[in-house]
There are 2 protein chains.
Amino acid sequence: MAAAAAIGGRARGLSAPNPNVGALIVSDGRIVGRGWCQPGGRPHAEAMALAEAGAKSRGATCYTTLEPCAHASPRGPACSALLIAAGVARVVGGMIDPDPRTAGAGYARLRAAGIAVTDGVLADVCAATMEGFLTRQRLGRPHVTLKLALSLDGCIALADGSSRWITGAAARAHAHVERARAEMIVVGRGTLTADAPRLDVRLDGLEGRSPRRAVLSRDPPPDGWEGLPAPAAIAALDGVDHLLVEGGAGAAAAFLAEDLVDRLLLYRAPIVIGDGRPAVDAIGLTDLSDAHGRWRLRDARALGSDRIEVYERQRS
Amino acid sequence: MAAAAAIGGRARGLSAPNPNVGALIVSDGRIVGRGWCQPGGRPHAEAMALAEAGAKSRGATCYTTLEPCAHASPRGPACSALLIAAGVARVVGGMIDPDPRTAGAGYARLRAAGIAVTDGVLADVCAATMEGFLTRQRLGRPHVTLKLALSLDGCIALADGSSRWITGAAARAHAHVERARAEMIVVGRGTLTADAPRLDVRLDGLEGRSPRRAVLSRDPPPDGWEGLPAPAAIAALDGVDHLLVEGGAGAAAAFLAEDLVDRLLLYRAPIVIGDGRPAVDAIGLTDLSDAHGRWRLRDARALGSDRIEVYERQRS
C-alpha cells in the first residue's frame with residue numbers, strides 16, 4: 001500500500017478534479033500492474049494498472065489508495081466494474097471515497113461480485129497523498145500550504161527587503177518540487193510588485209510542471225497572472241486542489257487569519273538576522289491560549305545546512 | 001569516558017573557577033571510585049575518585065575528562081601526584097588541560113612515573129561538558145548561552161508584550177535546568193522593568209541552584225541584582241563560567257552584535273503569532289552572506305509539543 005501511495009504521488013498537481021489515486025495489481029507476490037490517476041483525471045489509477053496487468057489480473061490482488069469508484073461517467077467506466085470484469089480476487093483499499101457517488105458503493109459492488117475487500121490499510125498514508133482532493137471534499141476548497149523561508153529568529157528578509165539568500169541550494173530545490181506539487185501559487189501584491197517573481201519550477205525534467213500564478217489583490221492582475229480578491233476566493237478555483245502561498249507576510253497573514261492554511265512548510269536557515277522583516281503580519285490573535293493546539297509537527301529533516309519542518313493544521 | 005563526562009556535568013555551574021572535570025577509577029572492570037570537581041573547585045575530581053576507591057586504586061585505570069593537573073597549589077596537591085602515589089596503572093584522558101600551568105605537564109609527570117597514558121578519548125564530548133572553563137581559557141570570558149522561547153514565526157510575545165505562555169510545561173522546566181547550569185543570568189533593562197523576573201530555579205531539589213542575576217544597564221542595579229554596563233563586561237566577572245542571556249530582544253541583539261554568544265537555545269512552540277514582538281533587535285547585519293556559516297545545529301528534540309534546538313557558534 002505504501003508503494004501504491006507513492007505511485008499516486010506522481011499524479012499530485014495533475015489529476016484535479018479527480019484524486020491522485022495510486023494502484024497496484026499483485027499476482028503471486030509480483031507487481032504486474034501499476035497505475036496512477038492520469039492528467040486531467042482519466043484514466044483512473046485502477047484502469048491503468050489493470051491495463052498493464054492484462055490477463056494477469058485474474059485472481060490477483062488490487063491495492064488502491066482510495067475505494068474504487070462505483071459511478072460510471074461519460075469519461076469512462078467505473079473502476080469497480082473494471083475490477084470485476086478483470087476477475088481480481090481481492091481488493092485492498094486505503095480509505096472509503098468521500099465522493100457521495102461512491103462513498104462505500106464501490107466496495108459493496110465488489111463484495112457483491114464475490115471479491116474479498118479490505119479497507120483502511122495505511123489510511124493515514126493514503127489520506128496524506130490525497131490531501132488536496134480530500135480537503136476539497138471536506139472543506140469545499142483547495143488544500144493550502146503556506147511556505148516560509150526563515151532565519152532562526154523568524155525573519156524572511158533583512159529590513160531593506162533583501163532575502164537572497166536565506167536558505168541554501170538544497171532547500172530552494174525542495175521548494176521548487178513543492179511548486180510542482182501544486183496547481184497554483186499565490187503571492188501578495190507587495191511581493192509581486194517588489195520581486196516580480198517567476199514562481200516557475202526550475203528543476204531539470206520538471207520545467208513543464210510550473211503551476212498557475214495568482215496575486216492576492218482586488219486590482220486587475222498583470223498578464224500571465226490570475227487575481228484572487230480575497231483568500232476565501234480559492235473555493236471557487238477550478239482545477240486547483242493544492243494551493244501554495246509563497247509570500248509575503250501580508251499574504252501569509254491573510255490566509256492564516258481566515259484559518260485557510262492546512263500545512264506550514266518552514267525552511268529554516270542556521271542564521272540570525274535581527275530586526276529583519278517578520279514572516280507573518282497581524283492575524284488577529286489577542287490571547288496566546290487561542291494560538292495553541294492548532295499545529296502538529298509532521299516532518300522535520302535537514303536539507304543541506306538548513307532544516308525543513310512541516311506542520312499540519314489539526315482540525316477536529 | 002562518557003560516564004566520566006556525565007559525572008563531571010554535576011559540577012557545572014558550581015566548580016568555577018576550576019573546570020567541572022569528571023573522573024572514574026576502574027579496577028577489574030568495576031567502577032570503584034567516582035569524582036567530580038567540588039563546589040568552588042576543590043577537591044578536584046581525581047582526588048575525590050581516588051578517595052572513594054582507596055586501596056583499590058592500586059593497579060587501576062583512571063578515566064578523567066581533563067588532563068590531571070601538574071601544579072600543586074595552596075588549596076591542595078596536584079592530581080598527577082595523587083594518581084602516582086595511589087599506584088594507578090593507567091590514565092585515560094579526554095583532553096589536555098589548556099591551563100598553562102599544566103598543558104601537558106600532568107601527562108608527562110604520569111608517564112615519567114611509569115603510568116600508561118592515553119589522551120584524546122571522546123575529546124568532543126569532554127570538551128562539551130567543560131565549555132565554560134574552555135571558553136574562559138580560549139576567549140577570556142564566560143561561555144554565553146542565549147535562550148529564546150519562540151513561536152514558529154519567531155515571536156517572543158504578542159504585540160502587547162504578553163508571553164505567558166508560548167512554550168509548555170516541559171520546555172519551561174528544561175529552561176529552569178539550564179538556569180541551574182549557569183552561574184549568572186542576564187536580562188535587558190526593558191525586561192527587568194516590564195517583567196521583574198525572579199530568574200530563580202523552580203524545580204524540586206534544585207532550589208539552591210539559582211544563579212546570580214544581572215541586568216544589562218549602565219544604571220545602578222536594584223537590590224539583589226548586579227549591573228553589566230555592556231556585554232563586554234562579562235570578561236571581568238569573577239566566578240562566572242556560564243552565562244545565560246534570557247531576554248529580551250535588546251539584550252539578545254547586544255550580545256549577538258558583539259559576537260558574544262556561543263550557544264543558541266531555542267524553545268519553539270507549535271503556534272503562529274503574527275505581528276508579535278520579534279526575538280532579536282538589530283545586530284548590524286547589512287549583507288545576508290555575512291550571516292551564514294556561523295551556527296551549527298547541535299541538538300534537536302521534542303519537549304512535549306514544543307521543540308528544543310541547540311545551535312553552536314562555529315569559530316575557526
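Modeller: Helices (H or I, at least four residues) and strands (E, at least two) are DSSP runs, numbered from the N terminus. By that naming, Leu199(A) sits in the loop between helix H8 (189-195) and strand E9 (212-216) of chain A. This is a predicted model, in which local features need pLDDT of at least 70, side-chain atom pairs count only at pLDDT 80 or more, and totals for chains, interfaces and linings use all residues. Residues are numbered from 1 along each chain as its sequence is written, chains are lettered from A and ligands numbered from 1 in the order in which they are written, and side-chain values use heavy atoms, with hydrogens and water left out.

Biologist: Why is Leu199(A) called buried?

Modeller: Buried means under 20% relative accessible area, exposed means over 50%, and partly exposed is in between (1.4 Å probe, protein chains only). Leu199(A) has 3%, so it counts as buried.

Biologist: What is the phi of Leu199(A), and what is that of Asp259(B)?

Modeller: Most residues other than glycine have a negative phi. Leu199(A) is not a glycine, yet its phi is positive, near 60°. Asp259(B), also not a glycine, has a positive phi of about 55°.

Biologist: Which peptide bond at Trp165(A) is cis, and which at Pro17(B)?

Modeller: Most peptide bonds are trans. The bond from Arg164(A) to Trp165(A) is cis, with omega near -10°. Trp165(A) is in the loop between strand E7 (155-157) and helix H7 (169-180) of chain A. Ala16(B) and Pro17(B) are also joined by a cis bond, with omega about 10°.

Biologist: How do you know that strands E8 and E9 of chain B pair?

Modeller: Two strands pair if DSSP finds at least two bridges between them. Five bridges join E8 (184-188) to E9 (212-216) in chain B, so the two count as paired. These strands run parallel, and Val187(B) stands opposite Val215(B) in E9(B).

Biologist: What makes E10 and E14 of chain B edge strands?

Modeller: Eight strands of chain B form an open sheet with mixed pairing, in the order E10-E9-E8-E11-E6-E12-E15-E14. E10 (226-228) and E14 (295-303) of chain B each pair on one side only.

Biologist: Which strands does helix H9 of chain B touch?

Modeller: Contact means heavy atoms within 4.5 Å. Helix H9 (249-257) packs on the sheet, touching E6, E8, E9, E11, E12 and E14 of chain B.

Methods. Axes are lines fitted to C-alpha atoms, for helices over the stretch in contact, and angles run from 0 to 180 degrees between N-to-C directions.
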